[in-house]
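Here's a quick tour of one protein chain, meant to be read with the structure open beside you. Take a look, then follow the points below.

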Amino acid sequence: MTGFSSPGEVADALKSVDYLPDDRISQVVFLAERLDKPVLVEGPAGVGKTELAKALAQIHGRRLIRLQCYEGLDESKALYEWNYRKQLLRLQADEGADWAEVEDDIFSESFLLERPLLEALRSPEPVVLLIDEVDRVEIETEALLLEVLADFQASIPELGTVQAVTRPLVVLTSNNTRDLSDALKRRCLFLHIGYPEADREREILLTRVPELPEQLASQIAGVVRHIRDQPIRKAPSVSESIDWARTLLALGIEEVDEGVTTETLHVLLKYQADIDKVAAELGT
Ligand SMILES: Nc1ncnc2c1ncn2[C@@H]1O[C@H](COP(=O)(O)OP(=O)(O)O)[C@@H](O)[C@H]1O
Ligand SMILES: [Mg+2]
């Protein structure tokens with residue numbers, strides 16, 4: 001790895017690929033690389049958790065391997081699976097052949113289907129491994145991830161233990177829909193990403209929507225910040241403020257006021273009750 005000598009250097013590198021970190025993000029990334037530990041990034045949707053892993057891959061010139069988690073994810077989709085179809089064809093073709101020989105053959109490399117975890121372990125080039133939305137898998141499936149994270153190895157009964165060829169940089173993300181196991185948390189450096197301060201959000205907007213006038217970016221950041229303070233069900237995230245910026249540009253709006261905000265609240269908010277509440281608060 002390039003080896004950053006300070007959190008400030010991490011910040012500069014992230015900015016160079018259009019990711020605007022706060023001090024905490026840069027510090028934890030710096031430490032994760034120094035201590036060779038996975039980072040567990042937790043926070044609401046749309047605050048730049050997944051994007052951070054992508055940005056890290058970019059600044060290191062590494063390939064990003066992503067394991068998207070979901071309920072029901074199991075070993076066969078996370079680690080490896082045998083190519084049953086191919087095995088079956090081989091068995092049919094070899095009817096009457098020596099069974100031991102066939103068995104050795106069909107449980108060999110060319111019948112193996114690599115899934116993201118195995119792919120990351122066996123990659124000859126170091127990669128960034130993103131285990132995205134890990135809170136969606138059942139707690140039992142975490143055990144599988146743990147083996148990989150603890151020892152950077154995995155066991156495949158037919159092939160033996162696979163040891164990591166190179167050390168991946170690992171980022172796990174969680175939207176906090178359930179508590180993760182202590183064992184998993186213990187392996188990782190913890191990073192909470194919340195909604196950005198108005199200044200950072202303004203910078204993010206200007207980076208992601210380059211045509212946006214600075215004045216409008218400041219106004220958007222201010223209004224979004226204000227809306228987040230309301231007692232609503234789903235606060236607008238950075239993704240929504242970017243959508244809102246694009247919306248205002250598309251409509252040719254140069255100045256944000258209560259009227260404009262009310263007319264376009266559906267871009268920021270995802271529940272009608274929230275829209276009604278904020279519209280009432282804006283007094284329109
Ligand atoms: N710090 C940031 N710098 C630049 N863009 C950001 C930042 N945070 C969020 N974004 C933008 O917000 C979008 C949503 O971020 P994403 O990583 O998908 O959110 P999540 O936290 O749900 O994984 C990204 O596509 C990116 O454009
Ligand atoms: Mg994400």
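At 17% relative accessibility, does Glu133 count as buried or exposed? Glu133 counts as buried, because its 17% falls under the 20% cut-off. Keep in mind that you're looking at a predicted model. The notes below start with that residue, then move on to charged pairs, helix packing and a few spots in the loops.

- You'll find Glu133 in the loop between β5 (127-132) and α8 (139-151).
- Its backbone is worth a look too: Glu133 has a positive phi of about 60°, even though it isn't a glycine.
- The side chain of Glu133 pairs up with that of Arg136 in a salt bridge, with 2.9 Å from N to O.
- Arg136 has 44% relative accessibility, so it counts as partly exposed.

- Side chains of opposite charge can pair when their charged atoms come close.
- In this structure there are 16 salt bridges.
- Arg202 takes part in a salt bridge with Glu203, at 2.7 Å from N to O.
- Arg202 is buried because its relative accessibility is 19%, while Glu203, at 36%, is partly exposed.
- Arg202 also meets Glu214 in a salt bridge, this one at 3.0 Å from N to O.
- Since Glu214 sits in helix α11 and Arg202 in helix α10 (residues 198-208), this pair ties together parts that are twelve residues apart in sequence.
- Glu214 has 51% relative accessibility, so it counts as exposed.
- Elsewhere, salt bridges with shared partners link Lys77, Glu81 and Arg115 into one network.

- Leaving out residues up to four places away in sequence, Glu240 touches Lys234, Val267, Leu268 and Lys270.

**How the helices pack**

- Two packed helices are described by the angle between their axes and the distance between the axes.
- Which hand does the crossing of α11 and α12 have? The crossing is right-handed.
- On the α11 side, the residues that meet α12 are Leu216, Ile220, Val223, Val224 and Arg228. On the α12 side, they are Val238, Ser241, Trp244, Ala245 and Leu248.
- Now try helix α1 (residues 7-16) and helix α2 (residues 23-35), whose axes come within 8 Å and cross at roughly 110°. That angle makes α1 roughly perpendicular to α2.
- Pro7, Val10 and Ala11 of α1 make this contact with Ser26, Gln27, Val29 and Phe30 of α2.

**Spots in the loops**

- Asp36 lies in the loop between α2 and β1 (39-42).
- Although Asp36 is not a glycine, it has a positive phi of about 55°.
- Asp36 has a relative accessible area of 36%, so it is partly exposed.
- Pro213 is in the loop between α10 and α11, and its relative accessible area of 37% makes it partly exposed.
- Which residues does Pro213 touch, not counting residues up to four places away in sequence? They are Leu206 and Leu249.
- Pro213 and Thr247 are 34 residues apart along the chain, and their C-alpha atoms are separated by 13 Å.
- Ala164 is found in the loop between β7 (160-163) and β8 (169-174).
- Not counting residues up to four places away in sequence, Ala164 touches Leu121 and Phe152.

Key: Residues numbered from 1 in each chain as written. Chains lettered and ligands numbered in written order. Predicted model: local features only at pLDDT ≥ 70, side-chain atom pairs only at ≥ 80, totals over all residues. Heavy atoms only, no water. Contact = heavy atoms within 4.5 Å. Left-handed = near helix turned anticlockwise from the far one by under 90°. Helix = DSSP H or I, 4+ residues; strand = E, 2+ residues; numbered from the N terminus. Axes fitted to C-alpha atoms, helices over the stretch in contact; angles between N-to-C directions. Parallel < 35°, antiparallel > 145°, perpendicular 65-115°, else oblique. Salt bridge = Lys/Arg side-chain N within 4 Å of Asp/Glu carboxyl O. Buried < 20%, exposed > 50% of the residue type's maximum accessible area, 1.4 Å probe, protein only.
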